[in-house]
Amino acid sequence: MFKVLERKELAPTEYEILVEAPRIAKKAQPGQFVILRIDEQGERIPLTVVDTDKEAGWVRLIFQVIGKSTAQLATVMAGEALMDIVGPLGKATDIENYGTVLLVGGGVGIAALFPIVKGLKEAGNHVITILGAKNKDLLILQEECAKYSDELILMTDDGSVGQKGLVTQAMEDVFKREEISMAWAIGPSIMMKFCTITAQKYDVSIYVSLNPIMIDGTGMCGGCRVTVADSIKFACVDGPEFLGEEVDWDEFVNRMQQYRPEELTANERYEKQVSSNG
Amino acid sequence: MAKRSYTKTPMREQSPEIRNQNFDEVALGYSLEEGQLEASRCLQCKNAPCITNCPVMIDIPGFIKAIEEGDMPLAYEILSRYTNLPAICGRVCPQEKQCEMVCRLGRSKKFEPVAIGKLERLVADWALEQPIDYKEVTGDKGRVAVIGSGPSGLTAAGDLVKLGYDVTVYEALHAPGGVLTYGIPEFRLPKRIVKKEIDRIVAQGVKIETNVVVGKTITMDEIITDFDACYLSVGAGAPRFQGIKGTSLNGVYSSSEYLTRVNLMHGYQFPEYDTPVQKSKNVVVIGGGNVAMDAARSAKRLGADKVSIVYRRSLEELPAREEEYHHSVEEGIEYHWLSNPIEYIDDGEGRLKAVKCVQMELGEPDESGRRRPIVIPGSEFIIEADTAIEAIGQGANKVLLDTFPELALNKWGYIDADEETSATSIPGVFAGGDIVTGAATVILAMGAGKIAANEIDQYIQKTRQEQLV
C-alpha cells in the first residue's frame, strides 16, 4: 500500500496528490511516468511524475477527472492509501543544453510539461514556455513554470488570463522572432498534432509526450503501440516522448477511442453508486 | 487386485456448452477414490522412465504408491521434495510429451499411460486445503535476489529458502506468478490455486516485493551490490506483431494484451472490475500454440458468436497441448488450417472489419524439422471479424536488458546462459527460464529454476570459502 500524504484541488476537476513511494522518488527523471491502481478492483492508469522529493520519499501526481478511475482517485484523501504504484516507467527526457527551447503545455498536460521545463532550465537553456487552457481556473502551475522559464506566455480560450487564443498562435509569434533549437508540446492529442504542424512550418524539431491506453506499462502487451517513423513502437518503453513529425497522428487519435463505450458504462455505474451512497 | 483398466480413470469436467459461457475451471479433479483407482494402474517400475522424463525428476512411482495407500501427507511430502508448484504443474504441464509419454504401461499397445498429471493435481489440491504449518525462517547462508516471479523464479526462490538463504523476489506487476497469473486463464488454472501455492512458498520464508521493475525502480548495480547472487527469470513477455497492414486498427490485439486484460485485470468481470475488454461478435485468433487456444477460448467465454483460429500449418504440427485443442473444439472453436493473415481490413472508421488470409501448402522440412508452409498464389480469402488476436510468440523484454549492457546476449536477444549451470557472462548473475530459452513451458522454466538454485548455492559457498582462505 502507498500512502497519500497530501491532496489538493488545483482547479475544478484537477487534483494534486503526493504519494509516498521512496524508491520511485529516488529514481524518477523528467519525462517518466508511474502506473497506479487504486484498489483490488481497480484498473492500472498511467500518470506523469510531476515532481519528487528524494529525502521525504514522495512523488507528486496531477490528474484531471475524466472518467471512473480518476473520479475515484479524486476521493482518496490524505492519510488514505493506494493499492499499487509502480515506476518510474518510460524513457527520460533528453535533457541537455540546446540553447533556446520552446515548451508548450495544454490543460492537464501542463503537469507533465513542468518537470521538463524545470530540467531544461537547470541544464542552462534559455526557456520560453507557453501554457494554454480553457480559462484562468484551469491554467495550473503558472507560478512554478514561471520560476523556471525565462519567458512565460499564457493563452486561454476565453481570454480570462493572458491572451485569448490557441497555443499555436503564440508559437507562431515566438518562431517569428526567436531562433528555437528544440521544442516540446504536451497536452490533448489534437493540440500536440497542431503544435507539430506549426513547428514543422518553421523547421523546428518538436518532442511530444504520447498518452495512449496502457495496461502494464513495461512493454509486455503492446496496448500502447503507436506508429512512429513507419514502425511500431511501444509508448511505455520506447517513449512516451517521440518526435512529433514522426508520429502517425490519425492512428494515434483513433486508438484512443477504443474503449469509449466501456468507459461510459464504467463512469455511469460509478456515478450511480456514489449518488446512492449519499 | 482388480484388473487394470485399459484407459485412464476419467476426470469429471464441466460440459462444453455450459463451460464455454463461464470462466470456471473445466476439469473438476479426482476424488480420493478415483485417484486411488488410477494410482493402482501404475506398474511401480524400477528405474521408472517417467522420473527421468520429468524436468524436475519427481519420484513419480513413490507419490503414486502413497496415493494408492491413501497416505496423502506422504504423497505430498514426496512431491514437495521436487516441486514447489505441484497444483500448477499437475494442471498445465504437457504430460503427454513428458512423464506420460514414456510411461511403461502406456507403451503397451492396449493401455493408456497412467494419468500422472491428474494424480499430482489431486495431491496438490488436497495439500492446499490443509493448514500451513511452516515456520517462516530467514536463512543466513547468504542473500539472493530473484528477478521475476514466474514459475522459474518461484521454483528457484523456494529451493534457495530450503537451502538456507535469505531470498527476495522482485516482481514488476502488482501480483506475483508471471504467466500463471496474467497468461493462463482461470478456466485452466484458477487464480485462487496460484495464489494459495505462492502463499505456501511465502510461508516458507520467500519474500516477494511486487511493483518493482528491475532496471527502473531498482538497478542491476544495486542488486549486485546488495546480494551475494541473483537469478534473472524475467521470461519472454514482449509480444511480437506480424506487422501486416492494419495492425494498429482498433480491434487488433496481441494475445498478451488480450489475456492480461482478461486474467490479471479480471476484464471478464467488467464493470465489477474497472478494466474493460472488448465485447466481440467474430473473433479471429492467429497462431497454434497454447496461448492461441487460451485467447480463443477466452473470447468465446466473453460471448463471441464465432471464434476461429488461423494456423499456417496443419493439425499435425499444432504446438498446443492435445487436451487443450480437444477442449477448444468441444467448445465450438473453428479452425482454418494452412492459412495465414496478410491484411487487417478497415471498416472505414478505424475499426477492424475483416481479416484477409491466404491458403498455404506444406513444403520441405525447415531447421525445426517441421514442413515449411508456402503460400498458394491466388488463394486469398476473407474472414469477417471485429477482433483479431495475434498469438504468434513473444520475445525478450528489453526493459532490464537495456539497462544492463554488460550482460552477454545470444543472437536471438535472449540471455546467453549456460544451460547446465545457468551461469551468465557475469559472475554471481544467473539466468534461466524463457529469458534464456525463448518461450517454452512452465515445467521447463521450473526445471531451470531448480538447476539455478543448486548452482547459486555452490557459487556462494565457493566464494565464501575463497574469501576465508
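**Notes on a predicted two-chain model**

A:Phe194 sits in helix H6 of chain A, which spans residues 189–201. Please keep in mind throughout that this is a predicted model. Here are the points I would look at with you.

1. A:Phe194 has a relative accessibility of 43%, so it counts as partly exposed.

2. **The largest nonpolar core.** This core has 63 residues, and the members that touch the most others are B:Ile60, B:Phe63 and B:Ile64. The biggest contribution to this core, 8 residues, comes from helix H18 of chain B (residues 442–468).

3. **Around B:Phe63.** Leaving aside residues up to four places away in sequence, which residues does B:Phe63 touch? They are B:Ile58, B:Ala75, B:Ile78, B:Leu79, B:Ile116, B:Leu119, B:Glu120 and B:Val123. There is also a second, separate core of 40 residues, with A:Phe175, A:Ile180, A:Ala185 and A:Val228 among its members.

4. **An annotated stretch of chain B.** An unreviewed UniProt entry places the feature "domain: Dihydroprymidine dehydrogenase" at residues 19–130 of chain B.

5. **Two cis peptide bonds.** In chain A, the bond between A:Gly87 and A:Pro88 is cis, with omega about -5°. A:Pro88 belongs to strand E8 of chain A, residues 84–89. In chain B, a cis bond links B:Phe270 to B:Pro271, and omega there is about 5°. B:Pro271 is found in a loop of chain B, between helix H13 (255–264) and strand E7 (282–286).

6. **Positive phi at A:Leu141.** A:Leu141 is not a glycine, yet its phi is positive, at about 60°. The residue lies in the chain A loop that runs between strand E10 (126–133) and helix H4 (142–147). Is A:Leu141 buried or exposed? Its relative accessibility is 8%, so A:Leu141 counts as buried.

7. **Positive phi at B:Asn211.** B:Asn211, also not a glycine, has a positive phi of about 60°. Its place is the loop of chain B between strand E3 (207–209) and helix H12 (220–226). With a relative accessible area of 6%, B:Asn211 is buried.

How values were computed: Residues are numbered from 1 along each chain as its sequence is written. Chains are lettered from A and ligands numbered from 1 in the order in which they are written. This is a predicted model: local features need pLDDT of at least 70, side-chain atom pairs count only at pLDDT 80 or more; totals for chains, interfaces and linings use all residues. Side-chain values use heavy atoms; hydrogens and water are left out. Helices (H or I, at least four residues) and strands (E, at least two) are DSSP runs, numbered from the N terminus. Buried means under 20% relative accessible area, exposed over 50%, partly exposed in between (1.4 Å probe, protein chains only). UniProt positions are given in the numbering used here, feature names are shortened, and annotations may be inferred rather than shown by experiment. A nonpolar core is a set of buried Ala, Val, Leu, Ile, Met, Phe, Trp, Tyr and Cys residues joined through side-chain atoms within 4.5 Å. Contact means heavy atoms within 4.5 Å.
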